[in-house]
Amino acid sequence: MRFKVLAFAGSPRRHGNSETLLDWVLAAMDESEDVSVEKHALTDVMVAPCRGCNACEVLNRCVQRDDMDWIHDRIIEADCIVLSAPVYCMGLAAQAKALVDRAQVFRSRKYVLKLPIIPPERKGKRMGLFVSTAGQHWDYVFDASVPAVKCFFHVIDVRERDLRYLMVNGVDHKGEIDRHPTARGDAERMGREIVERLRTLQAEPGAG
Amino acid sequence: MSVSVLGISGSPHRHGNTETLLDSFLAGAEAAGATVEKVILRELDYMSCRGCNVCHKTGLCVVQDALTPLLERILAADCLALASPIYTMGITAEMKGFLDRGQALWAQKYILRTLEHSRGHLACHAGVFISTAGMGSGQVFDAAIPAMKAFFGTLGFEYSANILANDMDRYKGIRGHPTALVDAFKKGGEIVKTLAACSQ
């Protein structure tokens with residue numbers, strides 16, 4: 001497989017709106033023979049919150065031993081990282097925020113230790129996608145989640161220009177996304193576009 | 001009855017910048033005659049919201065843990081001070097996990113309409129957000145505020161003040177900040193005086 005897609009379903013509810021939206025994206029990506037998709041639900045893994053000890057600024061690794069050990073490696077290996085999470089109380093659901101905060105080790109590596117996150121030949125060739133849903137209809141309902149998401153992708157070396165957003169508001173109860181007029185089509189289009197761009201980026205010479 | 005102030009720290013650090021700033025606020029409140037109490041989320045055993053939406057029908061959370069009595073205590077307080085450092089442009093996962101569990105109260109208020117707060121109630125209940133951040137940018141708190149606004153609104157507290165101190169990395173901690181601790185102490189006193197006048 002040329003392209004590895006690593007996806008996180010960050011909702012505490014399995015197969016709800018944000019995960020369904022994610023699944024549509026992943027299914028569209030999976031249609032391509034050169035793409036492999038790996039999805040992990042955060043309900044099935046143990047990722048404790050960051051303890052804020054800043055030891056990673058010296059150790060270049062987290063002092064906590066949990067599933068972040070292997071997730072950390074997968075994040076480095078992936079060509080595309082997809083984070084899906086619903087908006088709860090005007091922000092990322094706590095489970096997703098815990099994962100985002102544990103990316104602190106990448107921030108320390110990048111800015112304190114000044115070490116590479118990914119090999120130089122892969123720089124500027126990866127993509128990121130944030131998939132989200134919210135019960136409220138407000139058009140600003142995702143605004144407070146986006147800064148954390150931007151930081152997450154930034155520290156794992158996905159450039160802002162290579163980060164995409166798929167956010168659907170006004171879906172609350174399980175299954176509501178199925179009745180949304182455009183969500184499924186938008187998700188499938190997003191999946192295909194990202195794969196297309198991964199191919200374009202890989203064909204480009206030099207690091208970005 | 002004295003004014004009751006409940007401070008909740010969502011920092012994984014004990015006695016770090018955020019909790020120290022909260023302590024200063026609580027000390028100011030106590031000096032003004034309030035009864036103060038502090039809860040450390042990290043010491044509690046609790047789950048985040050499961051997103052099951054059962055509370056939309058029953059008004060009750062299916063999860064019963066350390067947050068169950070805490071949410072009750074919050075509803076009995078006159079002032080709620082929520083303290084969290086900024087991690088990745090937002091509040092900590094501990095604080096977010098706690099706020100997300102307010103969903104049952106949100107359902108009581110906005111779906112079932114069994115929880116109501118009069119304008120008079122809001123005027124006598126203050127919500128305060130206390131935060132610190134390593135980064136210098138003053139905008140570092142912006143994305144944390146909507147969650148606070150939503151939570152205070154649901155629980156019937158008027159969002160009265162932000163006590164924020166950024167640039168902790170440069171100041172080498174809250175104690176190196178020229179004004180933050182004194183300002184927090186003063187704010188604690190001011191809010192208690194306002195609430196005391198209100199309840200008379």
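The model is predicted: local features need pLDDT of at least 70, side-chain atom pairs count only at pLDDT 80 or more, and totals for chains, interfaces and linings use all residues. Residues are numbered from 1 along each chain as its sequence is written, chains are lettered from A in the order in which they are written, and side-chain values use heavy atoms, with hydrogens and water left out.

Select both chains and display their contacts (heavy atoms within 4.5 Å): 27 residues of chain B meet 27 residues of chain A. Together the chains bury about 2,000 Å² (accessible area lost on being put together, 1.4 Å probe, summed over both), with 58% of it on carbon and sulfur atoms. Next select T88(B), A93(B) and K96(B), which supply 25% of the area that chain B buries against chain A, more than any other three residues.

Proceed to α4(B), a helix (a DSSP run of H or I, at least four residues), which gives the most to the side of chain B that touches chain A, with 6 residues. By class, that side has 13 nonpolar, 9 polar and 5 charged residues.

Of its 32 residues, F8(A), I75(A), F106(A), F152(A), F153(A) and I156(A) touch the most other members. Colour α6(A), which gives the most to this core, with 5 residues. Finally, select L70(B), I91(B), L99(B) and L155(B), which are among the 31 residues of a second, separate core.

How values were computed:
Buried area = accessible area lost by both parts, 1.4 Å probe. Helix = DSSP H or I, 4+ residues; strand = E, 2+ residues; numbered from the N terminus. Nonpolar A, V, L, I, M, F, W, Y, C, P; charged D, E, K, R; others polar. Core = buried A, V, L, I, M, F, W, Y, C linked by side-chain atoms within 4.5 Å. Buried < 20%, exposed > 50% of the residue type's maximum accessible area, 1.4 Å probe, protein only.
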